[in-house]
Amino acid sequence: ERQRIRGRYRLPEHMIAPIPNPFDVRRWRPEDRLKARRELRLPPNRRIVIWHGRVQIERKGLDLLLEAWRQVCAARPDLQPLLLLVGSGRDAEVLRQRVADLPAGVVRWVEEYVHDREQMWRLLSAADVATLPSRHEGFPVATLEAMACALPVVAADVSGVRDMLQAVPDRDTGIIVPPEDTGALADALGVLVDDVELSRKLGDSARSVAEQFSLEDVGRRLAH
């Protein structure tokens, strides 16, 4: 969008101010992981990757995610990582069939729109890694919610992702992969599933970067 505006109106770069949607990072916060897992009856010792959003197979890349997850699990039979899906939508029945085609126990699906902020915090806090495999996005709020809850993100390089994950230069918050590349998605997820210390480090950084989208920070940008 910045490129379009600059070309259409022939403006210099310094005259275009990117101002994101504000986000209440003081209310979105991480909780204790083991406590969250106990309350949700999730296994305490398995690595958990979470996706949450509207169930639209094509747009959200859920077909890509499930194929990548098949690869992740096949390469780690002893580790038994778990994919936690949260959401519902028009393609719920298709997703149900695709999940059924995977080995038993590698995916858990909370099939509902979660409007309760406390419940969504708890679900995010129970995870180790978040993912965004979408083919199309605008401003991916789900990713910012995950970052605010101190989760590293594995995301496809679609609109808005770099502006979010790389909002602070030289601050790593996750791994960006080419869109529609299931191999790259599986490899990146595998890296963070395997490396507990790296995922924790990136998660802490993600929380810090998410604070750049606070109501106060965006308000200051608008004022200037």
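Contact here means heavy atoms within 4.5 Å. The structure is a predicted model, in which local features need pLDDT of at least 70 and side-chain atom pairs count only at pLDDT 80 or more, whereas totals for chains, interfaces and linings use all residues. Residues are numbered from 1 along each chain as its sequence is written, and side-chain values use heavy atoms, with hydrogens and water left out.

Ser88 is found in the loop between β2 and α5; helices (H or I, at least four residues) and strands (E, at least two) are DSSP runs, numbered from the N terminus. Ser88 counts as buried because its relative accessibility is 14%, where buried means under 20% relative accessible area, exposed over 50% and partly exposed in between (1.4 Å probe, protein chains only). When neighbours within four places in sequence are left aside, Ser88 is in contact with Gly53, Arg54, Val55, Glu111, Glu112 and Tyr113.

Helix α5 (residues 92–100) has Ala92, Leu95 and Val99 as its buried residues. Seen down the axis of α5, these buried residues fall within an arc of 60°, so they line one face of the helix; the arc is that of the directions from the helix axis to the C-beta atoms. The buried residues of α5 pack against α3 (57–60), α4 (62–74), β2 (82–86) and β3 (107–110).

In helix α6 (residues 117–125), the buried residues are Met120, Trp121, Leu123, Leu124 and Ser125. They pack against α2 (33–40), β1 (48–52), β2, β3 and α7 (141–148). At the start of α6, a side-chain oxygen of Asp116 comes to within 2.8 Å of the backbone nitrogen of Glu118.

**Pockets and cavities**

On a 1 Å grid over the protein atoms alone, a cavity is a set of points where a 1.4 Å probe fits but cannot get out, and a pocket is an open set with protein on both sides within 12 Å along at least five of seven lines; lining residues have an atom within 4 Å of a point. Grid points are joined across faces, edges and corners, and a volume is the space filled by probe spheres set on the points. For the classes, Ala, Val, Leu, Ile, Met, Phe, Trp, Tyr, Cys and Pro count as nonpolar, Asp, Glu, Lys and Arg as charged, and the others, Gly among them, as polar.

| Space | Volume | Lining by class |
|---|---|---|
| Largest pocket | about 620 Å³ | 9 nonpolar, 6 polar, 7 charged |
| Second largest pocket | about 450 Å³ | 10 nonpolar, 6 polar, 5 charged |
| Largest cavity | about 60 Å³ | 7 nonpolar, 3 polar, no charged |
| Second largest cavity | about 40 Å³ | 7 nonpolar, no polar, 2 charged |

The largest pocket has a volume of about 620 Å³. Of the 22 residues that line this pocket, Arg2, Pro18, Ile19, Gly160 and Asp163 are the closest to its centre. Both α1 (2–9) and α8 (161–165) supply at least two residues of its lining.

The second largest pocket holds about 450 Å³ of space. His52, Gly53, Arg54, Ala142 and Glu145 are the closest to its centre among the 21 lining residues. The elements giving two or more residues to this lining are β1 and α7, and α7 gives the most, with 3 residues. Gly53 and Arg54 are also among the contacts of Ser88.

A search of the whole structure finds 2 cavities of 30 Å³ or more. The largest cavity is lined by Ile50, Trp51, His52, Leu124, Ala130, Thr131, Leu132, Ala142, Thr143 and Ala146. Two or more residues of this lining come from each of β1, β4 (129–132) and α7. The second largest cavity is lined by Leu64, Pro133, Ala156, Val177, Pro178, Pro179, Glu180, Asp181 and Leu185.

Notes: A polar contact is a pair of N or O atoms within 3.5 Å; within protein, one must be able to donate a hydrogen and the other to accept it, and residues adjacent in sequence count only if both atoms are side-chain atoms.
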